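Work through the exercises below with the model open. Try each task before you read its solution.

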Amino acid sequence: MNTPDMHYLNLLSQSFPTIADAAKEIINLEAIMNLPKGTEHFLADIHGENEAFEHVLKNASGNIKRKVGEIFGNAIRESEKKELCTLIYYPEQKLELIKAKEEDMDDWYHTTIHQLVKVCRDVSSKYTRSKVRKALPQEFSYIIEELLHERTDDQDKAAYVAVIVDTIISTGRADDFICALCNVIQRLAIDQLHILGDIYDRGPGAHIILDVMRRYNSWDIQWGNHDILWMGAAAGNDACICNVLRLSLRYANLATLEDGYGINLMPLATFALEQYGDDPCEEFRPILLKDSKMDEKTLALTAKMHKAITIIQFKEEARIFHRRPEWQMEDRCLLEHIDKERQSCTVGGKAYAMRDCHLPTVFPDHQTTPTTDLTPEEADLMQKLHHSFRVSEKLRKHIRTILSHGCMYTICNQNLLFHASVPLNDDGTLKEVEIMNKRYQGKELMSYIGQLVRAAYENDTEPELKAYAKDYFLYLWCGKDSPLFDKSKMATFERYFLEDKETYKEEKGAYFRLRDNAAVCDRILDAFGISGQNRHIINGHVPVHASKGENPIKAGGRLMVIDGGFSEAYHKETGIAGYTLVYHSRGFELVQHEPFTSTKDAISRGTDIKSTTQIVEMSAQRMLVADTDKGRELREQVSDLRQLLRAYRHGILKEKRN
C-alpha cells in the first residue's frame, strides 16, 4: 500500500474508526445501490410563469394525481381523489375551504390522515429511511416515521396507529400535521429538478420562482440567455440593464422589476415624457396578454418609456461593440447609419426605409448627423438606473442562487443538459470561438464561459478580466457564436424601425440546422465525454411547435427539446403550455401540459393542469441507484471502505476504539 493510499485511509478512519463501523457503512451503501433510481424532472423556459411552474412542482407533473389513482382505484370516488390531490398541492388554502363546509371535521381528519399516509408511504418507497427522515419536518418527524412504517392491517399495531391519529386530532395539531404530510409528499415525489434555463422575462413572477427555488431541496440550473441578461444587469452592464427594461416594457411586465426587486422606474417615466411627450410611439406599444389590465393613459406612458430605453440600449450596445472590435459586431451600431433626410437606414450596404425617424436624442437640436453618445439627460438617467439595479439586495440574492446552483451545462446520468446550443461549423464539427485571444470549443468553451461569468462577480478578479467579463454578458445575449444565442444577428433595431420584413430574419447557427442529425449529436456527446447506449442531449430555448406536428424528440432519440412554451406569449405559437421530461426508474416520459388557469381555480374548483404523457424511452429492466452517477460514487466509496477493512484486518491500521 503506497503513501497516498495510507494518507487517505488515515483520513477515512476518522469517520469509520472500527471494523464494525466500516462494515456497517458498506452494508448501507450496498443496500442504497439496490433501490430504484430516483425520479428526475426536467423543465425549460419557464419565463416568469410562477403559478404554472409552482403547480407543476406541487403535482410533480401529474405524477401525484397518477399515484392517487393507482393507490385508491375504485375505493373512493373520482371527486374525492380530486379533493385529495388539491389538498396535497395547496394544503393550507384547501383546509380553510373544507372547514367552512365540513360538518364533522374529526371524521374528515381521520379519513384524510390515513389517505395521506398511504400516498406518503408510496412516494417514499424508493428512498432509505435515512433520506426520508431528512425530508420530514422536525416537529412531526417521529410521528410520520411511525405511521409510514406501521401497517394498519396488523391487528397488534392497529390500536397503536389509531391512538396516534386520535391524539393528533385531540391536541389540535391535525391541520399542521396534514400540511406537513402534504409538503413531504410534494418533496419526495421529485428527487432531482433540472431547470434548463430562462427563468426570467415575459411572465410576471420570476422573482417568486427564485424565492421558491431558494427553499427547494435538490435542483440545478443551466443558465439561459434571459438569465444571463439579468445576471449582466446585476453585474452592472448598462446595455444589459437597458435590455431587461425594454423586454419588461415590451410585455407590460413591470411586477418583477418594481415589486420583486424595487427598481425605481420613475426617472425613466419622467425622462420619456420629456423627450417623447408628443410622440405616439406606435411601434412601442406593449404586447398585452389576456389577463393584462392597462388603461390607455398607462399604455401611452409605457410605450414612451419603451422607446426611450430602446434608444439608450442601442447607444450602450454601440459603446461596447466599439470597445470590443474583436467581436465583429460593429455592424450592429445601426443608429450611426441613419439618414434622417431620406428617412432611411443602411443595413448590410443597402438603404431601407424607416417607419419612424423621431429620434430627438439621436438628432439633437435638429442636426442631421446622428450622435450615439448619451445626452446629459440620458447619462443622468442611466446613472440612476444603474444604481437601482446594483443596490437591489433581493436581486443580488437571486443571482447568487443562480450562480451557486448552475453553470452553462451539466452532465447527469449520461444526459448532457444545456439551454440552447453548442457552436458548430457547417460540417457539424465543433466550432472554435475566440475569447480574449484564446480559442475554445465544445466542453472547454462552455466551462470557460462559466468561469468568465463568475469572474464578473468575484472581488479578487483582475480588473482587466473583470471589465471584459462584465462586457461579455452582452455577447452571450446577442453574439453570433454565443452558445446562448447562436444566430447571425439579433434584429431588434430592424423590427422596431424598418419597413422591410426581410431585414428581420435571423439566421440560426449550424447547431439548430444540424441537431436532428444523430451523427452530429453523437459527436457532441463524445466531445463532452459521455459514453454508453442510452445517452442524450436535453435542451430548450427554441419553442417546439407541437400544434404544427413538430416532434420534441429528435436525432433518433438522442436529442430532446423541452421548450413547450410555458410563457403565455408562446401558447398560440406552440399550441401547448410547456413540457416536463420525467426520468424515472423505468425510463423517460415526456409530459405535455395544457394552459394552467390559475392557483385560485386550482384551490376552489380543484382544477389541475391537464397533461398527456408520451413514452420516450423505456428500459428493459428497472434502473437502480447503482446504474446512476450516484451509484458510481457509492461504488467508489465501497471500494475505499473495503480497503480500510483490509488495512484494519492486516494490522496496517489500528482500530480506534473508545
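**Exercise 1. Positive phi**

Where is the place of Gln343?

Solution. Gln343 sits in the loop between E4 and E5. The model is predicted: local features need pLDDT of at least 70, side-chain atom pairs count only at pLDDT 80 or more, and totals for chains, interfaces and linings use all residues. Residues are numbered from 1 along each chain as its sequence is written, and side-chain values use heavy atoms, with hydrogens and water left out. Helices (H or I, at least four residues) and strands (E, at least two) are DSSP runs, numbered from the N terminus.

Now take the backbone angle. Most residues other than glycine have a negative phi. Phi of Gln343 is positive, near 50°. Gln343 is partly exposed, at 41% relative accessible area. The classes are buried (under 20%), exposed (over 50%) and partly exposed in between, with a 1.4 Å probe and protein chains only.

Asn437 lies in the loop between strand E10 (433–435) and strand E11 (438–440). With a relative accessible area of 71%, Asn437 is exposed.

**Exercise 2. Salt bridges across the sequence**

Find which parts of the chain are joined by the Lys99 and Asp175 pair, then treat two further pairs.

Solution. Begin with the rule: a side-chain nitrogen of Lys or Arg within 4 Å of a carboxyl oxygen of Asp or Glu. The count is 40 salt bridges.

- Lys99 and Asp175 meet at 2.5 Å, N to O. Lys99 is in helix H6 (residues 91–101) and Asp175 in helix H11, so the bridge ties together parts 76 residues apart in sequence. Lys99 is partly exposed at 35%; Asp175 is buried at 19%.
- Glu145 and Arg133 meet at 2.8 Å, N to O. Glu145 belongs to helix H9 (residues 141–148) and Arg133 to helix H8, twelve residues apart. Glu145 is buried at 16%, whereas Arg133 is partly exposed at 39%.
- Asp522 and Arg535 meet at 3.3 Å, N to O. Asp522 is in helix H24 (residues 518–527), and Arg535 is in the loop between H24 and strand E12 (536–539), 13 residues apart. Both Asp522 and Arg535 are buried.

Asp522, Asp526, Arg535 and Arg558 form a network of salt bridges.

**Exercise 3. A pocket**

Which element gives the most to the lining of the second largest pocket?

Solution. A pocket is an open set of points on a 1 Å grid over the protein atoms alone, where a 1.4 Å probe fits, with protein on both sides within 12 Å along at least five of seven lines; lining residues have an atom within 4 Å of a point. The second largest pocket has 28 lining residues; Lys131, Asp191, Ser218, Val625 and Lys630 lie nearest its centre. Helix H2 (19–33), helix H8 (129–135), helix H11 (174–189) and helix H27 (629–649) each give two or more residues to this lining. H8 gives the most, with four.
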